[in-house]
Amino acid sequence: MSLGPQQVGRRERNKQQKLDRITAAASELFAEHGVDEVTTQQIAEKADVGTGTVFLYVKTKGELLLLVQNVHYRKALERGRVDAENISDVLEAVMAIIGSIVRCNRTQIDNGRTYLREMVFGNPDEPHHAEALNIVGQTEKAIAGVLRRGGRVGEADAATLAHVVSAIMFLSMAATINMAHGVDEIEADIRGQVSVLLPH
């Protein structure tokens with residue numbers, strides 16, 4: 001007996017609702033306590049699902065953090081991109097993109113650093129890791145677009161320079177030596193390095 005479209009649609013909606021509840025529960029608990037202090041059982045209870053159900057969507061707590069943080073990072077990138085459109089100075093426009101991502105990363109410092117670690121060292125074939133890497137690619141594309149303004153930097157050089165800027169940003173956010181630093185200090189560190197790289 002085949003399932004009708006209404007039955008399939010209901011099943012998919014039910015799965016999506018469970019995923020939304022799991023994501024919301026994890027987001028709230030991670031923000032409140034930090035990823036290291038939250039158990040999968042706590043997330044399942046808050047989402048009103050079984051622990052086994054959580055593992056139907058993600059294999060590890062790290063993947064769950066990626067799932068949650070990818071949403072925040074994508075929104076941060078979009079805010080930064082919109083802000084950069086209205087800024088004529090190239091360095092300031094690049095920093096508008098970077099600043100939005102830094103603020104997202106420092107909302108909960110342990111979560112931000114764990115997210116970066118998972119993104120860099122996780123399995124790129126896993127969908128949530130792949131999505132995180134896609135956000136990095138979109139960030140570099142946005143920065144390259146700013147760098148190409150006025151034709152002072154060619155497309156290939158802008159892409160390479162954006163990759164370097166991205167590496168500076170992620171290293172500054174992830175470095176243990178910067179763990180106690182707030183948004184302003186991280187941004188100042190990145191700004192100092194990026195300003196040297198940009199053509200004058």
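In which helix does Leu-147 lie? In this predicted model, Leu-147 is placed in helix H7, which covers residues 127–147. Leu-147 has a relative accessibility of 4% and therefore counts as buried, the cut-off being under 20%. When residues up to four places away in sequence are not counted, Leu-147 touches Val-90, Val-94, Val-153, Ala-158, Leu-161, Ala-162 and Leu-198. One of these partners, Ala-162, is 15 residues from Leu-147 in sequence, and the two C-alpha atoms are 7.8 Å apart in space.

Read along the sequence, the pattern is α-α-α-α-α-α-α-α-α. The C-alpha trace spans about 65 × 40 × 30 Å along its principal axes. Of the 200 residues in the chain, 43% are buried. Among contacts between residues at least 6 apart in sequence, 69% join residues at least 24 apart.

Confidence in the model was considered for the chain and for its elements. The mean pLDDT of the chain is 90, and 96% of the residues reach 70 or more. Among the elements, the lowest mean pLDDT, 83, belongs to helix H1 (residues 5–33), whereas helix H5 (residues 90–105) has the highest, 96. Where pLDDT is low, the predicted coordinates should not be read in detail.

Two helix pairs were examined for their packing. Two packed helices are described by the angle between their axes and the distance between the axes. Helix H4 (residues 61–85) and helix H7 have axes that come within 9 Å and cross at roughly 15°. H4 is therefore roughly parallel to H7, since angles under 35 degrees fall in that class. The crossing of H4 past H7 is left-handed. On the H4 side, the contact is made by Glu-63, Leu-66, Leu-67, Asn-70, Tyr-73, Arg-74, Leu-77, Arg-81 and Ala-84. The H7 side contributes His-128, His-129, Glu-131, Ala-132, Asn-134, Ile-135, Gln-138, Thr-139, Ala-142 and Val-146. By class, the contact of H4 with H7 comprises 9 nonpolar, 6 polar and 4 charged residues.

The second pair consists of H5 and helix H8 (residues 155–174), whose axes are 11 Å apart and pack at an angle of about 30°. This angle is under 35 degrees, so H5 and H8 are likewise roughly parallel to each other. The crossing of H5 and H8 is right-handed. In this contact, Val-94, Ile-98, Ile-101, Val-102 and Asn-105 of H5 meet Val-165, Met-169 and Met-173 of H8. The residues of the contact divide into 7 nonpolar and 1 polar, with no charged residue. Val-94 of H5, which takes part in this contact with H8, is also among the residues touched by Leu-147.

Gln-69 is located in helix H4. The relative accessibility of Gln-69 is 10%, which means that Gln-69 counts as buried. Leaving aside neighbours within four places in sequence, Gln-69 is in contact with Asn-111, Gly-112 and Tyr-115. Glu-187 is found in helix H9 (residues 183–197). With a relative accessible area of 16%, Glu-187 is buried because the value falls under 20%. Apart from neighbours within four places in sequence, Glu-187 is in contact with Met-95, Gly-99, Val-102 and Arg-103. Of these, Val-102 also belongs to the H5 residues that meet H8.

Exposed positions were identified as well. Leu-56 lies in helix H3, which covers residues 51–57. At 69% relative accessibility, Leu-56 counts as exposed, because the value is over 50%. Leu-56 and Ala-24 are 32 residues apart in sequence, and their C-alpha atoms are 16 Å apart in space. Asp-48 lies in the loop between helix H2 (40–47) and helix H3. Asp-48 has a relative accessible area of 63% and is therefore also exposed. The phi angle of Asp-48 is near 60°, a positive value in a residue other than glycine.

Notes: Residues are numbered from 1 along each chain as its sequence is written. This is a predicted model: local features need pLDDT of at least 70, side-chain atom pairs count only at pLDDT 80 or more; totals for chains, interfaces and linings use all residues. Side-chain values use heavy atoms; hydrogens and water are left out. pLDDT is the predictor's confidence in each residue, from 0 to 100. Helices (H or I, at least four residues) and strands (E, at least two) are DSSP runs, numbered from the N terminus. Axes are lines fitted to C-alpha atoms, for helices over the stretch in contact, and angles run from 0 to 180 degrees between N-to-C directions. Angles under 35 degrees count as roughly parallel, over 145 as roughly antiparallel, 65 to 115 as roughly perpendicular and the rest as oblique. A crossing is left-handed if the near helix is turned anticlockwise from the far one by less than a right angle, and right-handed if clockwise. Contact means heavy atoms within 4.5 Å. Ala, Val, Leu, Ile, Met, Phe, Trp, Tyr, Cys and Pro count as nonpolar, Asp, Glu, Lys and Arg as charged, and the others, Gly among them, as polar. Buried means under 20% relative accessible area, exposed over 50%, partly exposed in between (1.4 Å probe, protein chains only).
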